[in-house]
Amino acid sequence: MTASTLVETHVEVSDLVVRFRRTTALDGFDLDLGPGVHGLLGPNGAGKTTLMRVLATVAKPTAGHVSLFDRDLTDYPSLRHVRRRLGYLPQHFGYYPRFTMREFVEYFAWLKEMPAASVPLAVERAIERVGLSDRADDRLRRLSGGMVRRAGIAQAIVNDPDLLLLDEPTAGLDPEQRVRFRGLLREMGVDACVIVSTHLVEDVTAACTDVTLVNEGNVVFRGTPPDLIAAGESGGGEGDTPIERGYTAVLRAARQR
Amino acid sequence: MTWHISDQLVRRYVSGRLGDADAWSVEAHLVACAPCQAAVGEAVANTDNAAVVEHAWNATVDQLGSQGRVRTGTAGRRLLVLVASGPAARLAWLVSIVLVLAVAAVIDRMGMRLSQPVSLLAVVAPLLPVLGVALSYGSGLDQAREIIASTPDGGLRLLLVRTAAVLAVTTPVAFAAGLFAGSLASRTSVTWLLPSLVLTLLTLALGSAMGLVRAAAAVGGGWLVAVIGPLLTRDAPPVLTPDARPILLLLGVTAVAVVVVRRQSFETLSFRLEP
């Protein structure tokens, strides 16, 4: 961690627009994020995954401004600098069936241009952190869905990223693994900017320092989990838990606007 | 290390007659000093505590588990892992090129030529690396492409490594097929080597603008038209004659220049994402 990290803004998005052929996924999106664990909530099709892809530098914005670590993504040297410091777990990802889990994580360590001498240890550490050390030499096709997802998390954190993007990371994890995963999130969020997109509201309460609620390509709520709970108490939303009531109340208010 | 634990201190430590503060000092020293570790080990071996130590050691070792197949991080290892993810390392890919080339060689050997100066091998062999490049990058085959696209080395570098691997696999197989067909010794042997290189480079160059899969289709289609077109009028295809070599060479050099100039286009995503 360099000293510059302390004064950098990790994510700065303003007036971001992403359009596909006919649909508009993001429509004038603004977001500023620093270190911490940031929850991204919203219904299906709200634009969460599109936002994650733009931040992961795999999708191009139609209009607007995106800078990561105070760098625009317009020239190749900046893009490369940013990508070295990035960890990304897409919602769906495939793997090479013949690769063992260790090889899979190692593959991405190399692609992220990590120094050769540090690769083996970083790979072991990442696998250990997702609790799969005992399965490291198993081929990926022999692992369960939840284990493959944890392998995906391991490749995302192998380079100790300063910006960690996790799209639906808890899908397929059992309750015990989810608790362990939240611990990992909190650890990473101490000095990195961690963005977790999820539709599981309880993940946000447990692990996130703040919540951004997205609906139809726009930010409709920004605050801490207690803020969202408070919005539910005053807005009279439906749900089984306080935070679920906050979620539905904010969404309903946004739709009526 | 200049200071070592005295024999007397070792005996007192082992028998538990040392105060806490002194024991901690001894332990702090033991962490880093192999000779003193050995001295303590010897001293313990003759006491009742030997079994306790043995037990604690075994319990610790059992908990560690095996380390597994950890590889040292070297440039060669990096290359191996990158190549292993591409089509050149897939058994299905290897089997299909061997099959295609074998069939072409057998047909050539039996003398069933498309036209007298043209061997089927010379037509088919250049197409295989083009297909390999199409499969290398941005195709449906690479399931992890979305993660790869977010990495600094996932663009042109990975593409070039995989392309080189595809050529390295295809070329020897084509040579073997050529040997079998009996065309290696003759002057026709080079007719497939140069085109396969040039078509591969053209695919990369076009791919920088239209995506590699489409580029491969265009280049492959163009090659077939250039070869089969003249055959319809029973002429020898000009692209397979020695006269075409300078032109092919020029095309290849141009393609390299285009790839160099447009290298950044490989760093952004070359496939469509579903909204």
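The structure is a predicted model. In chain A the secondary structure amounts to nine helices and ten strands. The radius of gyration of this chain is 18 Å, close to the 18 Å that the globule rule gives for 257 residues, so chain A is as compact as a globular protein of that length. Along the principal axes, its C-alpha atoms fill a box of roughly 55 × 45 × 40 Å.

**Sheets of chain A**

One open sheet of chain A has six strands in the order β6-β7-β8-β3-β9-β10, and its pairing is mixed. Its edge strands are β6 and β10 (218–223) of chain A, each of which pairs on one side only. With direction ignored, neighbouring strands of this sheet are turned by 15° against each other on average. Within chain A, strand β3 (residues 36–41) and strand β8 (residues 193–197) pair in the parallel sense over five bridges, and A:Val37 stands opposite A:Val194 in β8(A). Helix α8 (residues 225–235) of chain A lies across β9 (210–215) and β10 of chain A, and runs at about 105° to β10(A).

The other open sheet described here is formed by four strands of chain A in the order β2-β1-β4-β5, with antiparallel pairing. Strands β2 (24–33) and β5 (71–72) of chain A stand at its edges with a single partner strand each, so that one side of each is left without a neighbour in the sheet. Strand β4 (residues 63–68) of chain A pairs with β5(A) in the antiparallel sense over two bridges, and A:Ser67 stands opposite A:Asp72 in β5(A).

**Domains and chain contact**

The domain assignment of chain A gives domain 1 (3–85 + 164–256) and domain 2 (95–160). Taken over C-alpha atoms, the centres of domain 1 and domain 2 of chain A are separated by 25 Å. Twelve residues of domain 1 of chain A are in contact with ten residues of domain 2 of chain A. On the domain 1 side of this contact, the elements that give two or more residues are β7 (163–167) and α6 (175–188) of chain A, and the largest share, four residues, comes from α6(A).

Between the chains, 41 residues of chain A are in contact with 31 residues of chain B. On the side of chain A that touches chain B, at least two residues each are supplied by α1 (48–55), α2 (76–84), β6 (86–89), α3 (101–111) and α4 (119–129) of chain A, and α3(A) gives the largest share with seven residues.

**A helix pair in chain B**

In chain B, the axes of helix α5 (residues 75–84) and helix α10 (residues 156–181) come within 9 Å and cross at roughly 80°; α5(B) and α10(B) are therefore roughly perpendicular to each other. The contact is made by B:Leu79, B:Leu82 and B:Val83 of α5(B), together with B:Leu158, B:Val161, B:Arg162 and B:Ala165 of α10(B). The residues of this contact between α5(B) and α10(B) divide into six nonpolar, no polar and one charged.

Methods: Residues are numbered from 1 along each chain as its sequence is written. Chains are lettered from A and ligands numbered from 1 in the order in which they are written. This is a predicted model: local features need pLDDT of at least 70, side-chain atom pairs count only at pLDDT 80 or more; totals for chains, interfaces and linings use all residues. Axes are lines fitted to C-alpha atoms, for helices over the stretch in contact, and angles run from 0 to 180 degrees between N-to-C directions. Angles under 35 degrees count as roughly parallel, over 145 as roughly antiparallel, 65 to 115 as roughly perpendicular and the rest as oblique. Two residues are in contact if their C-beta atoms, placed from the backbone, lie within 7 Å. Ala, Val, Leu, Ile, Met, Phe, Trp, Tyr, Cys and Pro count as nonpolar, Asp, Glu, Lys and Arg as charged, and the others, Gly among them, as polar. Two strands pair if DSSP finds at least two bridges between them. Domain bounds come from an automatic or database domain assignment. The radius of gyration is taken over C-alpha atoms; the globule rule is 2.2 Å times the number of residues to the power 0.38.
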